[in-house]
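Trainee: Could we look at a protein chain together, one question at a time?

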Amino acid sequence: MSEQVKEKRVKKPKSKARKIIEWVLTGIFLALFAFVLAGQIDGMVHKKDHYNQQLRFGYGTFVVKTDSMEPKYMIGTALITYNEDADKIYERFQKGEEVDITFVDVYNTNNEYTSPLNNPELTKRTDPTGVPMTHRVKEVHVNNNQEKGKGKYTFITAGINTRSTNLGWKEGEPDIVINQYQAFTEKEILGRVTVNSAFLGGVFSFVGSPLGLLVLLLIPAFYLVVASVIDIFK
């Protein structure tokens, strides 16, 4: 009985084009990973400078929680802000732009429009929450006796929703007069809204949920299983 000789399969070498594509994809992945990691480090290092909010290279991401800015920003919408220079924000407002900014409300202003005007010396709350808010700029007051970054600008903002249920509006009633104003300086600004997206808001909410975290963990595991099965069959 003749001995059967099993021929070993010789793995076909990768083509030059395939090698280049793999190197390019690997380089892109590593560059994105390094960028995200650097942004995360930057946000953590300067976290205390922004009331414990992480701004990565000046950019922040927030999800709308209330209806005060509807219909422009619906609840669940993701906002991307940029920590723009106060001079530039003031210049935009002077030109008539609709300027929506995210800030931290840490002052006692009694929610009255005349309060920040009659009380230019803002007093910080004893227990500031540091919760971000996004409202539209209504007025900007400039104190040229102060340096920028130390209270030169006082921004007065308010929501735009005249049918906010948060303010007690009910279906069938006339539009309410919004009297919830905030006054703060440039030190409390987290950024000007540059992008708003309901889709991104859904993605952020999903990723932040237990199910979203589970899916993110299962995706690489599923990939490894499939890759292993393909290698076995090969």
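Trainee: Among contacts in the protein chain between residues at least 6 apart in sequence, what percentage join residues at least 24 apart?

Mentor: This is a predicted model, in which local features need pLDDT of at least 70 and side-chain atom pairs count only at pLDDT 80 or more, while totals for chains, interfaces and linings use all residues. Residues are numbered from 1 along each chain as its sequence is written, and side-chain values use heavy atoms, with hydrogens and water left out. A contact means heavy atoms within 4.5 Å. Among such contacts between residues at least 6 apart in sequence, the share joining residues at least 24 apart is 64%.

Trainee: Is Glu-188 buried or exposed?

Mentor: Glu-188 lies in the loop between strand E6 (181-185) and strand E7 (189-197), where strands are DSSP runs of E with at least two residues, helices are runs of H or I with at least four, and both are numbered from the N terminus. Buried means under 20% relative accessible area, exposed over 50%, and partly exposed in between, with a 1.4 Å probe and protein chains only. Because its relative accessibility is 1%, Glu-188 counts as buried.

Trainee: And is Leu-32 buried or exposed?

Mentor: Leu-32 has its place in helix H1 (residues 16-45). Since its relative accessibility is 53%, Leu-32 counts as exposed.

Trainee: How many helices and strands are there in the protein chain?

Mentor: Read from the N terminus on, the elements run α-β-β-α-β-α-β-β-β-β-α-α. Counted by kind, the protein chain has five helices and seven strands.
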